[in-house]
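I opened the notebook to look up a few residues first. After that I turned to the chain as a whole.

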Amino acid sequence: MREMYAGMPWWVKWIAVPVIAIFVFGGLIASVIGFVISLLFKVLIFVVLVGGLIFVVRKFMSSSSSRGDW
């Protein structure tokens with residue numbers, strides 16, 4: 001198999017084979033890329049929400065401790 005592939009012209013190795021692979025596995029590649037992008041977006045939303053929660057809690061705790069000494 002390797003000898004047969006090595007004997008092919010350059011355009012078969014670098015153009016035809018990748019085009020066929022994208023045609024055959026294109027749906028799989030697109031779904032994997034979509035899943036990764038969706039997962040990264042959800043992680044980003046989670047980090048932003050947790051950071052906002054920590055900010056609000058710290059702000060609330062600092063304001064309540066300064067006036068809670070009476």
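I started with Val43, which sits in helix H2 (residues 10-67). Helices here are DSSP runs of H or I with at least four residues, strands are E runs of at least two, and numbering goes from the N terminus. This is a predicted model, where local features need pLDDT of at least 70, side-chain atom pairs count only at pLDDT 80 or more, and totals for chains, interfaces and linings use all residues. Residues are numbered from 1 along each chain as its sequence is written, and side-chain values use heavy atoms, without hydrogens and water.

(Buried is under 20%, exposed is over 50%, and partly exposed is in between, with a 1.4 Å probe and protein chains only.)

Next I checked a distance. Val43 and Val57 are 14 residues apart in sequence, and their C-alpha atoms are 21 Å apart.

Ala30 also lies in helix H2. Its relative accessibility is 49%, so Ala30 is partly exposed. From Ala30 to Phe60 I counted 30 residues along the chain and 45 Å between C-alpha atoms.

Then I took the whole chain. I noted two helices and zero strands. The radius of gyration is 27 Å, well over the 11 Å from the globule rule for 70 residues, so the chain is more spread out than a compact globule. (The radius is taken over C-alpha atoms; the rule is 2.2 Å times the number of residues to the power 0.38.) The C-alpha trace spans about 90 × 20 × 15 Å along its principal axes.
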